[in-house]
Amino acid sequence: MRNILKNRKFYIILVLLTLFGAGYYFSTPKIVEITMNDVVTQINNNDFVTAKKRFDLARHINNIATRKYIRQLSDICIKKIETNDYNSVKEIIGFIEQLSPSKDTEYAKKLITLGKAKMGIGLQDKATKYFDIAIIFDPSLADIYLQKGKALLKANENCQYDCDYSDMLKLFSTAIDLDENLAGAYAYRGTTYYSSEETYAQAIDDFNKAIALNSSKEASAIAYCYRAVEKYNEKDFDGFVHDRSIALGLKNELNDIVDYSKGFKMLHQAEQLMCALYDKCF
């Protein structure tokens, strides 16, 4: 009789635990929803201290359930980008990264497109933020790193002394590691190498690679442009004329839209020197 009673107690406890577990399981999504809605409110109000506390609580309750709020946080981040609130953008990106979002290539590509549009109207700072979010959603896309590198180069285009291109170099190298046939990454990495005499040879190697791939008019235009400048410096004037002609022809085909024009300024200076020093004018 005692054994039966013990068994009854065991089953009663088991049933109670099951009911408690089921209640907790089915109630946690609602608790997470309430908590995450509060997180969103606090983020919108730029109260990141309170948001962090609520966010940590939601993740502790059910980390998986919090992930469905990734897109919502991303949308808020985009709104902050548009208002130039970059401090908030940095904070929100931190929240998104902690949620370890699943790979979402299509959404990442959408963000790349938005970033390119910002670059097209000269808003490089905004563009880089779009690329930062895109990297979270699919870090395997080589184009993200290429585009962010281009945006940073464009933002620093007027730098003349003590220019630091290390971040751009890393971005272009990452793009190449992910896609060894990405001509643009070679062309733009070449421009960063060309900023120092110590890495001129690496620059020319990259320009030659971009030309050999022959898969991007923009990349080829830049590569031929810089290679022409280098041939002028080497007094290979026939080579200069050849590469200059191709570079300008491609630039015109692109309606003069080349994202990195520093090289073409150098090319124009070389043309002027050719005319002044060697009486070979174009």
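Is cysteine 281 buried, partly exposed or exposed? At 46% relative accessibility, cysteine 281 counts as partly exposed, where buried means under 20% relative accessible area, exposed over 50%, and partly exposed in between, with a 1.4 Å probe and protein chains only.

Before going on, the ground rules. This is a predicted model, in which local features need pLDDT of at least 70 and side-chain atom pairs count only at pLDDT 80 or more, while totals for chains, interfaces and linings use all residues. Residues are numbered from 1 along each chain as its sequence is written, and side-chain values use heavy atoms, with hydrogens and water left out.

Back to the cysteines. Cysteine 281 is joined to cysteine 275 by a disulfide, S to S 1.8 Å; the term stands for a pair of cysteine sulfur atoms within 2.5 Å. A search of the whole structure finds 1 disulfide. The link of cysteine 275 and cysteine 281 is right-handed, with 75 degrees about the S-S bond. Cysteine 275 is partly exposed, at a relative accessible area of 30%. Elsewhere, cysteine 77 is buried at 0%, and cysteine 225 is buried at 1%.

Next, the overall fold. The protein chain has 13 helices and 0 strands; these are DSSP runs numbered from the N terminus, helices being H or I with at least four residues and strands E with at least two. Of its 282 residues, 43% count as buried. Taking contacts in the chain with a separation of 6 or more, 62% are between residues 24 or more positions apart, contact meaning heavy atoms within 4.5 Å.

Now the interior. In soluble globular proteins, nonpolar side chains tend to be buried together. Here the largest nonpolar core has 80 residues, a core being a set of buried Ala, Val, Leu, Ile, Met, Phe, Trp, Tyr and Cys residues joined through side-chain atoms within 4.5 Å. Helix 11, residues 217-233, gives the most to this core, with 10 residues. Ile43 is among the residues with the most contacts inside the core. Leaving aside neighbours within four places in sequence, isoleucine 43 touches Phe48, Ala51, Leu73, Ile76, Lys80, Ile92 and Phe95.

Helix 3 (residues 70-82) and helix 5 (residues 105-120) pack at about 5 degrees, their axes 13 Å apart. Axes are lines fitted to C-alpha atoms, for helices over the stretch in contact, and angles run from 0 to 180 degrees between N-to-C directions. That makes helix 3 roughly parallel to helix 5, since angles under 35 degrees count as roughly parallel, over 145 as roughly antiparallel, 65 to 115 as roughly perpendicular and the rest as oblique. Helix 3 brings Arg71, Ser74, Asp75, Ile78 and Glu82 to the contact, and helix 5 brings Tyr107, Leu111 and Lys118.

Finally, the loops. Most residues other than glycine have a negative phi. Asparagine 84, however, has a positive phi near 60 degrees. Asparagine 84 sits in the loop between helix 3 and helix 4 (86-98) and is partly exposed at 47%. Asparagine 214 also has a positive phi, of about 50 degrees. Asparagine 214 lies in the loop between helix 10 (200-213) and helix 11, and is exposed at 61%.

Leucine 123 is in the loop between helix 5 and helix 6 (124-137), partly exposed at 32%. Leucine 123 and lysine 154 are 31 residues apart in sequence and 9.8 Å apart in space, C-alpha to C-alpha.
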